[in-house]
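Colleague: I'm new to this one. Can you put it on screen and walk me through it?

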Amino acid sequence: MKTANEASLRRRNSLILALTSFIWGISFVAQSEGGDAVGPYSFNCIRSIIGSLFLILIICITDKLGITHKPKDKQSRKTLLIGGVLCGIVLCIATNLQQMGIYLGTPSGKAGFLTACYILLVPILGLFFNRKCGLNVWIAVLLSLIGLYLLCINGEFKLQLSDTLVILCALCFSIHILIIDHFSPMVDGLRMSCIQFMVTGLLTSIPMFATELNQGVNEWISAFCSLDAWIPLLYAGIFSCGIAYTLQIIGQKGVNPTIASLIMSLESVFSVLAGWVILHEKLTTKELFGCVLIFSAVILSQLPTKTIKNS
């Protein structure tokens with residue numbers, strides 16, 4: 001019965017991670033427009049703080065309903081604080097490395113592919129923490145990388161200096177996934193996510209003040225006097241940060257981090273499909289085949305096998 005319950009929990013959490021990637025995928029347009037409207041650091045800073053404030057409200061409600069509870073002892077509070085701060089630091093570095101890489105010239109499609117290379121880095125790093133995968137998962141990783149290449153890369157593929165920042169960003173996202181894998185069974189996901197985004201927002205305020213705000217306070221304030229700024233900020237803050245990243249923490253419980261990274265790589269697929277359905281963008285045969293490969297990889301990674309350990 002315990003094995004059946006664990007399998008049911010993994011299936012449920014896999015669906016939660018798929019929902020996470022769906023929210024991230026359809027929020028891509030909002031993030032792009034918001035960064036253009038107020039500046040990348042301002043956007044990352046304010047959406048993170050919005051996400052944290054939103055989660056404070058949700059925590060107050062769920063505590064009163066008895067769904068969540070405050071940490072009962074000093075050690076629990078310490079574990080929660082360490083997990084939230086570590087996640088926040090790594091997430092801050094990852095998101096701002098990605099933004100800077102795009103700013104310095106890496107096209108968004110190429111940045112999406114390089115960022116998604118965390119699906120290869122996670123199992124490699126996981127070997128150092130005894131998080132082993134079966135052969136089917138390694139094959140799924142390879143299929144997913146090929147699919148992402150077909151989906152994201154158009155034309156010749158060359159690495160530039162700005163691409164190095166995005167590759168470092170992928171490394172940071174890999175570390176972020178492994179940190180969540182370690183702390184998520186021990187802490188309340190809502191509280192750790194809330195701390196994570198408050199830390200990310202506060203740290204990102206440093207480059208925001210040093211660059212964008214320093215260029216002129218009046219111009220900076222006027223950028224926020226428009227719905228073009230606040231609609232993307234609220235959507236990204238509440239849905240992408242407050243909801244999706246919290247679902248990631250909840251969904252990773254009991255799921256091998258490599259399989260979790262494969263499921264979350266569906267973000268790229270959902271982003272392309274959202275552009276096709278909502279914005280009526282064209283979907284080429286190459287991109288469609290890339291989507292099929294990624295979906296196939298996710299399904300393959302979910303197949304039971306005796307060779308998988310710690311999954």
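Modeller: Start with a side-chain pair: Ser 193 and Thr 246 are joined by a polar contact of 2.9 Å. A polar contact is a pair of N or O atoms within 3.5 Å; within protein, one must be able to donate a hydrogen and the other to accept it, and residues adjacent in sequence count only if both atoms are side-chain atoms. This is a predicted model: local features need pLDDT of at least 70, side-chain atom pairs count only at pLDDT 80 or more, and totals for chains, interfaces and linings use all residues. Residues are numbered from 1 along each chain as its sequence is written, and side-chain values use heavy atoms, with hydrogens and water left out.

Colleague: Where is Ser 193 found?

Modeller: In helix α9, residues 189–212. Helices are DSSP runs (H or I, at least four residues), numbered from the N terminus.

Colleague: Is Ser 193 buried or exposed?

Modeller: Buried, because its relative accessibility is 0%. Buried means under 20% relative accessible area, exposed over 50%, partly exposed in between (1.4 Å probe, protein chains only).

Colleague: Which residues is Ser 193 in contact with, leaving aside neighbours within four places in sequence?

Modeller: Leu 55, Cys 241, Tyr 245, Thr 246 and Ile 249. Contact means heavy atoms within 4.5 Å.

Colleague: New topic. At what angle do α7 and α12 pack?

Modeller: About 25°, with the axes 11 Å apart. α7 covers residues 135–152 and α12 covers 257–264. Axes are lines fitted to C-alpha atoms, for helices over the stretch in contact, and angles run from 0 to 180 degrees between N-to-C directions. The two helices are therefore roughly parallel. Angles under 35 degrees count as roughly parallel, over 145 as roughly antiparallel, 65 to 115 as roughly perpendicular and the rest as oblique.

Colleague: Which residues make the contact?

Modeller: Val 137, Ala 140, Val 141 and Ser 144 come from α7. Thr 258, Ile 259 and Leu 262 come from α12. That is five nonpolar, two polar and no charged. Here Ala, Val, Leu, Ile, Met, Phe, Trp, Tyr, Cys and Pro count as nonpolar, Asp, Glu, Lys and Arg as charged, and the others, Gly among them, as polar.

Colleague: And how do α12 and α14 cross?

Modeller: At roughly 155°, and their axes come within 9 Å. So α12 is roughly antiparallel to α14. On the α12 side are Ile 259, Leu 262 and Ile 263. Val 298, Ser 301 and Gln 302 are on the α14 side.

Colleague: What about α8 and α12?

Modeller: Their axes cross at roughly 125° and come within 10 Å. These helices are therefore oblique to each other. Ile 177, Leu 178 and Asp 181 of α8 meet Pro 257, Ser 261 and Met 264 of α12. Those residues divide into four nonpolar, one polar and one charged.

Colleague: Back to α7. Is Cys 152 buried or exposed?

Modeller: Cys 152 lies in α7, and it counts as buried because its relative accessibility is 13%. Cys 152 and Ser 27 are 125 residues apart in sequence and 17 Å apart in space, C-alpha to C-alpha.

Colleague: Last one. Where is Gly 66?

Modeller: In the loop between α3 (40–64) and α4 (74–103). Gly 66 is partly exposed, at 37% relative accessible area. The C-alpha atoms of Gly 66 and Phe 224 are separated by 38 Å.
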